Amino acid sequence: MSDAVRIAVLASGGGSNFQALVDRFQGAENPQREIVGVIASREGAGVLERAHRAGVASAVSPAAATGDEMAVFLRRTLDEWRSDIVVLAGYMKLVPETLVRAWWGRILNIHPALLPSFGGRGMYGARVHRAVIEAGVRITGATVHFVDEAYDRGPILCQWPVPVLAGDTPESVAARVLTVEHRLLPAAVEALASGVVRLEADRRVHWVREWFETETFTNREG
Ligand code: GRF
């Protein structure tokens with residue numbers, strides 16, 4: 001049996017997507033995957049409490065760090081954990097270029113809308129869902145993409161649609177999308193970890209088997 005694929009998480013908030021990864025990968029029934037640690041971008045982030053409860057290592061990035069210091073900190077921490085895959089699960093900061101290069105094709109981000117719409121700098125949290133409602137679109141969703149040097153721009157790995165309903169608020173859309181995120185993100189990480197999908201040097205996403213052949217995935221509740 002080969003070594004486990006080591007998955008590190010970067011997060012800034014409550015960490016419900018981190019929890020979805022823990023629920024999917026941590027535990028005796030998944031010896032080939034390991035959540036090796038989470039880096040929070042701020043003290044007090046809810047994800048730290050979740051990590052503690054799950055017995056997952058955690059670190060907090062230094063608040064006053066310069067860009068270069070941040071890059072060194074992240075690189076050192078991810079190296080210490082011998083991270084194979086890095087997952088941004090509600091991470092609000094830009095990933096330093098040195099990291100993007102070192103983990104090219106191995107960093108994933110989840111975004112709570114259908115990219116390339118409603119993404120980019122400043123488009124996070126309730127702002128995304130408010131923009132969706134204001135635009136009057138009837139479909140939004142979740143996107144998992146490979147990370148490059150810009151916010152929300154890297155090659156798209158997979159998406160799942162979510163309806164926007166009459167009377168929706170940013171909060172109600174966020175909750176509906178989040179339910180889907182919790183299914184999409186672990187499925188995407190598993191596809192990458194198992195080698196079913198990979199990112200080519202020319203930025204093309206190559207699927208060994210088609211997405212829907214790899215996961216039974218619906219957006220029904222429960
Ligand atoms: C999610 O909606 C994610 O798509 C976005 O930030 C939110 C994080 O939620 N990038 P949580 O911290 O995982 O609960």
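Biologist: Which residues of α1 are buried?

Modeller: First, the terms: buried means under 20% relative accessible area, exposed over 50%, and partly exposed in between, with a 1.4 Å probe and protein chains only as cover. Helices (H or I, at least four residues) and strands (E, at least two) are DSSP runs, numbered from the N terminus. In α1, the buried residues are N17, F18, Q19, A20, L21, V22 and F25. That is seven of the ten residues in the run 16-25, so the helix is mostly covered.

Biologist: What kind of model do these values come from?

Modeller: The model is predicted, so local features need pLDDT of at least 70 and side-chain atom pairs count only at pLDDT 80 or more, while totals for chains, interfaces and linings use all residues. Residues are numbered from 1 along each chain as its sequence is written, and side-chain values use heavy atoms, with hydrogens and water left out.

Biologist: What do the buried residues of α1 pack against?

Modeller: An α-helix has 3.6 residues a turn, so residues three or four places apart point the same way. Here the buried residues of α1 pack against the strands β1 (5-11), β2 (33-40), β4 (85-88) and β5 (107-111), and against the helices α2 (46-54) and α6 (170-193). Contact means heavy atoms within 4.5 Å. Just after α1, G27 has a positive phi of about 130°.

Biologist: Which residues surround the ligand?

Modeller: A residue is near a molecule or strand if one of its heavy atoms lies within 4 Å of it. The shell consists of G13, G14, G15, S16, N17, G90, I110, H111, P112, L178 and E181. At least two shell residues come from each of α1, β5 and α6.

Biologist: Which polar side-chain atoms lie 2.5 Å and 2.6 Å from an oxygen atom of the ligand?

Modeller: A polar contact is a pair of N or O atoms within 3.5 Å; within protein, one must be able to donate a hydrogen and the other to accept it, and residues adjacent in sequence count only if both atoms are side-chain atoms. The 2.5 Å distance belongs to S16, and the 2.6 Å distance to E181. From G14, a backbone N or O atom lies 3.4 Å from a ligand oxygen. The ligand taken alone exposes 370 Å², of which the protein buries 80%; areas come from the Shrake-Rupley method with a 1.4 Å probe, and for residues only the protein chains shown count as cover.

Biologist: Is D148 buried or exposed?

Modeller: D148 counts as buried because its relative accessibility is 1%. It lies in the loop between β6 (139-146) and β7 (156-163). The side chain of D148 makes polar contacts with those of R153 at 2.8 Å and R203 at 2.9 Å. Beyond neighbours within four places in sequence, D148 is in contact with V100, W104, R153, G154 and R203.

Biologist: Which backbone oxygen does the side chain of R6 reach at 2.9 Å?

Modeller: That of W81. A polar atom of the R6 side chain also lies 3.2 Å from the backbone oxygen of R82. R6 is in strand β1 and is buried because its relative accessible area is 16%. Its C-alpha atom is 6.4 Å from that of I85, 79 residues apart along the chain. Not counting residues up to four places away in sequence, R6 touches E34, V36, W81, R82, S83, D84 and I85.

Biologist: Where is the cis peptide bond?

Modeller: Most residues other than glycine have a negative phi, and most peptide bonds are trans. In this model a cis bond joins L115 and P116, with omega about 10°. P116 is in the loop between β5 and α5 (126-135).

Biologist: What is the phi of R82, and what is that of R203?

Modeller: For R82, phi is near 50°, a positive value in a residue other than glycine. R82 is in the loop between α3 (67-80) and β4, and counts as exposed because its relative accessibility is 55%. R203, also not a glycine, has a positive phi of about 75°. R203 is in the loop between β8 (197-199) and β9 (205-207), and counts as partly exposed because its relative accessibility is 34%.

Biologist: Why does S61 count as buried?

Modeller: Because its relative accessibility is 4%. S61 is in the loop between β3 (58-60) and α3. Leaving aside neighbours within four places in sequence, S61 is in contact with I39, A40, S41, M70 and F73.
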